[in-house]
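Here is a friendly walk through one protein model. Please keep the sequence and the 3D view open as you read.

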Amino acid sequence: MRLVEARADGAASAGAAIPLPVSRWILRPWQDLLLFIGTPALILPVALVAERVWSGKTLYGLVMAFGALGHHLPGMMRAYGDRALWARFRTRFIVAPVFLVTLCAVFALDDAVMSPIVLITYFWGVWHGLMQTHGFLRIYDAKVRSFGALTVRLDQWMCITWYGAGVFFSTSRLHHILQKFYASGGPSVPPGLVHDLQVVWGAATGLVTLAFLANMIRMRRAGQHPSAVKLLLLATSIGFWWYTNAVVSNMLVGIALFEVFHDVQYLAIVWTYNRRRVETDAKVGAFTRYVFRDRRALVVLYVGMVFAYGALSLLPKLPSATLSALFTATLAASTLLHFYYDSFIWKVKEKPTRVLLGLDGGREISPVRHGTIRRWVPQGLSWAALIAVAAGLGMTHAHPSLTQDQAMQSLGEAFPEYLPAQNNLAVFLLNSNDPDGAIRVSRRVLARRPADPDLEAKARHNLVAGLVGAGLQRIQYHQAAAAEPFLREAAAIDPHLTRTLTANQTKSLLPPVGGRRP
């Protein structure tokens with residue numbers, strides 16, 4: 001959920017809904033601490049228990065289904081169930097889904113993995129997450145009437161730089177980005193460029209942090225104290241983002257943990273917003289009024305609807321490959337629509353939104369003027385940027401710069417300490433007829449004792465394949481004595497796999513029927 005703050009400029013106008021009593025909190029202290037600020041303390045113990053029941057991959061799949069996809073529903077309900085909002089943004093609500101579903105379908109029909117869409121979604125998702133944090137910061141500062149333009153800007157840059165640093169200084173995230181970039185057809189990125197980017201981003205993060213602290217001291221001396229709740233939320237949000245990116249070794253688990261944090265915040269603030277709309281706005285639609293009545297039991301209905309929407313991603317594959325691709329494209333478009341709609345349907349700078357959050361002031365909503373240049377230019381530029389990026393990735397995807405093996409080699413050389421990259425490097429070496437190199441890499445991976453069972457199993461498979469390949473290679477060169485230790489070790493690790501690989505590779509070494517192999 002993106003919440004955008006602006007300077008307050010007076011009290012609510014006559015005829016507007018009566019503002020809620022001014023408070024430092026959105027709900028109550030214990031509720032804010034549980035749902036918005038200290039949520040990681042609730043998530044981590046549950047996650048530790050869940051990891052004992054499910055694998056990281058399963059946990060990720062469940063969270064991304066019921067949480068990541070499911071929490072799109074409240075925004076869709078607002079977009080298509082709020083009459084006033086529909087009147088203001090009808091064209092966007094009609095054109096955006098048609099365009100985004102079509103865009104995702106084009107990539108899905110060409111490649112089921114949709115690497116270009118995954119890459120776009122990842123970067124847009126990081127922006128979406130940091131802007132949600134920024135929105136909460138501005139709400140809490142508005143509660144103590146901290147409206148300085150510089151403060152607003154520095155809050156935003158603190159979120160941008162620290163969230164960005166969490167990505168750029170996370171080996172797993174950088175590997176994921178480059179992997180999807182190469183899968184989208186992008187050229188090889190020199191490791192030195194990545195290092196230079198980390199240095200520049202780290203320096204920028206340090207400078208922004210110093211400016212943020214200096215501004216806070218300046219404002220305090222001027223008698224304008226920042227919200228202590230805001231500072232606490234900033235610390236927990238950035239801290240948890242860093243923990244899930246840079247500390248949690250399993251990338252899927254890390255993404256799932258922060259997704260839960262993001263979803264809890266989002267669902268709680270949307271519930272609060274709609275509950276207050278029902279209480280203060282007589283024009284609320286019947287469905288919204290029914291779901292968000294003052295009944296605690298309806299929270300179960302609300303969460304159940306979210307889970308039901310998320311369960312769409314768990315439906316079995318459709319019998320037709322084309323239909324399956326179109327369904328996948330629709331789910332991907334749901335994510336992009338969620339990001340897009342949240343960029344304008346929850347703006348805190350607008351008076352109706354501020355009133356429902358217990359804030360003074362805000363911008364009056366101007367009458368709807370369809371087709372004005374001033375209204376459409378910013379939107380046109382945003383869509384033009386998205387189209388340009390998608391078109392560029394589409395072109396590189398159609399004409400890739402690297403083969404799959406070359407991409408694995410580049411990633412393996414760029415991330416010598418990242419075990420999944422090293423596993424892929426071992427595969428590249430096996431495909432390049434370098435079993436000895438694959439043995440060295442696989443031994444390094446296993447020596448690190450990977451916590452992920454799937455990762456360890458792949459490393460053992462690569463090691464056995466390397467040992468068998470090295471042994472047969474020496475037999476081919478009439479070095480039977482040198483081959484024996486390799487084959488014996490392979491058989492000790494996995495006798496069945498050793499027999500299978502030996503049989504398959506031996507067949508490939510035999511001359512074809514009727515003559516010698518050229």
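Are Tyr340 and Tyr341 buried or exposed? Both Tyr340 and Tyr341 are buried, where buried means under 20% relative accessible area, exposed over 50% and partly exposed in between, using a 1.4 Å probe and protein chains only.

## About the model

This is a predicted model, in which local features need pLDDT of at least 70 and side-chain atom pairs count only at pLDDT 80 or more, while totals for chains, interfaces and linings use all residues. Residues are numbered from 1 along each chain as its sequence is written, and side-chain values use heavy atoms, with hydrogens and water left out.

## The overall fold

The protein chain has 22 helices and zero strands; helices (H or I, at least four residues) and strands (E, at least two) are DSSP runs, numbered from the N terminus. Its C-alpha atoms fill a box of roughly 95 × 55 × 45 Å along the principal axes. Of the 518 residues, 47% count as buried.

Contact here means heavy atoms within 4.5 Å. Among contacts between residues at least 6 apart in sequence, 73% join residues at least 24 apart.

## Aromatic pairs

Rings of Phe, Tyr and Trp (its six-membered ring) pair if their centres lie within 6.5 Å; planes under 30 degrees apart count as stacked, over 60 as edge-to-face and the rest as tilted. By this rule the count comes to 32 aromatic pairs. One of them joins Trp271 and Phe292, a tilted pair with 5.2 Å centre to centre and 55° between the planes. This pair links distant parts of the chain, 21 residues apart: Trp271 sits in helix α11, and Phe292 in the loop between α12 (286–291) and α13 (298–310). Trp271 has 16% relative accessibility, so it counts as buried, and Phe292 counts as buried because its value is 2%.

Tyr340 and Tyr341 also pair: their ring centres are 5.9 Å apart and their planes are at 45°, so this pair is tilted.

## Arg275 and its partners

Helix α11 (residues 251–280) also holds Arg275. Arg275 counts as buried because its relative accessibility is 11%. Leaving aside residues up to four places away in sequence, Arg275 touches Phe292, Arg293 and Asp294.

The side chains of Arg275 and Asp294 are joined by a polar contact of 3.5 Å. A polar contact is a pair of N or O atoms within 3.5 Å; within protein, one must be able to donate a hydrogen and the other to accept it, and residues adjacent in sequence count only if both atoms are side-chain atoms.

## The largest cavity

How many cavities of 30 Å³ or more does a search of the whole structure find? The search finds three, and the largest has a volume of about 80 Å³. A cavity is a set of points, on a 1 Å grid over the protein atoms alone, where a 1.4 Å probe fits but cannot get out; lining residues have an atom within 4 Å of a point. Grid points are joined across faces, edges and corners, and a volume is the space filled by probe spheres set on the points.

Residues lining the largest cavity include Ser146, Asp155, Phe212, Met216 and Lys230. Helices α7 (149–168) and α9 (191–221) each supply at least two lining residues, and α9 gives the largest share, four residues.

Terms used. 1 Å grid on protein atoms, 1.4 Å probe; cavity = no way out; pocket = protein on both sides within 12 Å on 5 of 7 lines; lining within 4 Å.
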